[in-house]
Amino acid sequence: YIDAVIFDLDGVITDTAEYHFLAWKALADQLDISIDREFNENLKGVSRLDSLELILKHGNRQNDFSLLEKETLANQKNELYCHYLTNLSPEDILPGIPELIRNIKEEGILIGVASVSKNAGTVLQALGLNLTFDYCVDAAKIKRSKPDPEIFLTACEKLNVDPKKSIGIEDAVVGIDAITASGMFAVGVGNILDKADYKVENTKQLEWTKIKKAYTNLINVN
Ligand code: G6P
Ligand code: MG
């Protein structure tokens with residue numbers, strides 16, 4: 001009765017969300033804009049250039065740079081982020097994720113990745129997970145970013161599954177919105193994702209039996 005589970009990458013499979021934050025913070029500091037972890041919640045799941053726009057707006061500097069200058073700034077952030085990625089190894093897969101993937105696969109359920117990151121392939125490769133998923137949708141394959149459902153719908157389409165019989169797992173507010181808009185069951189990792197259909201505080205708590213139970217309960221209510 002469950003066809004597929006689609007995972008967000010940064011912040012769900014591995015803690016690259018923290019590297020994104022550190023790289024953005026270094027850039028923001030340089031621009032005399034102060035960003036903290038609370039503000040960073042708005043950046044999770046948001047594309048590179050859109051993230052930069054949010055940061056500039058936050059510092060009231062959205063009109064200070066040309067498009068070319070903004071691209072240079074975004075590249076600068078990406079270089080620092082990629083520098084952090086060089087340390088990434090299979091040990092950086094978040095707790096609970098390997099068991100979860102194993103349990104899902106044991107039931108013959110398909111798994112996919114939906115990440116708007118242009119670095120998604122590099123990250124999956126570094127984690128040793130490049131052959132684990134049945135399909136990965138990244139920035140190159142979509143036109144619209146989360147919270148648009150396109151990325152999750154594309155994953156379901158490529159896996160040939162019904163979104164209504166599929167589950168998405170996200171750590172970002174816009175990600176939960178994208179999953180919900182696609183008609184899938186939304187699992188949220190983190191404290192702020194009140195709109196999720198099922199919520200856990202961290203990946204360690206992502207137990208397949210509990211997720212299935214929550215999904216079944218919702219289906220039975222509706
Ligand atoms: C993910 C992350 C965001 C990041 C975006 C683009 O959605 O959650 O923090 O900005 O990917 O990543 P990229 O690697 O292309 O800059
Ligand atoms: Mg994420």
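Tyr-84 is partly exposed, at 22% relative accessibility (buried means under 20% relative accessible area, exposed over 50%, partly exposed in between, with a 1.4 Å probe and protein chains only). Before going on: this is a predicted model, where local features need pLDDT of at least 70, side-chain atom pairs count only at pLDDT 80 or more, and totals for chains, interfaces and linings use all residues. Side-chain values use heavy atoms, with hydrogens and water left out, while residues are numbered from 1 along each chain as its sequence is written, and chains are lettered from A and ligands numbered from 1 in the order in which they are written.

Now for the rings. Searching the whole structure turns up 4 aromatic pairs (rings of Phe, Tyr and Trp, the last by its six-membered ring, pair if their centres lie within 6.5 Å; planes under 30 degrees apart count as stacked, over 60 as edge-to-face and the rest as tilted). One of them stacks Tyr-1 on Tyr-215, 6.3 Å centre to centre with 25° between the planes. That pair links distant parts of the chain, 214 residues apart: Tyr-1 sits in the segment before strand 1 (4–7), Tyr-215 in helix 9 (residues 208–221). Helices (H or I, at least four residues) and strands (E, at least two) are DSSP runs, numbered from the N terminus. Tyr-1 is exposed at 61% relative accessibility, whereas Tyr-215 is buried at 4% relative accessible area.

Back to Tyr-84: its ring and that of Tyr-19 have centres 5.3 Å apart and planes at 10°, so this pair is stacked too. Since Tyr-19 belongs to helix 1 (residues 16–30) and Tyr-84 to helix 4 (residues 67–85), the pair ties together parts 65 residues apart in sequence.
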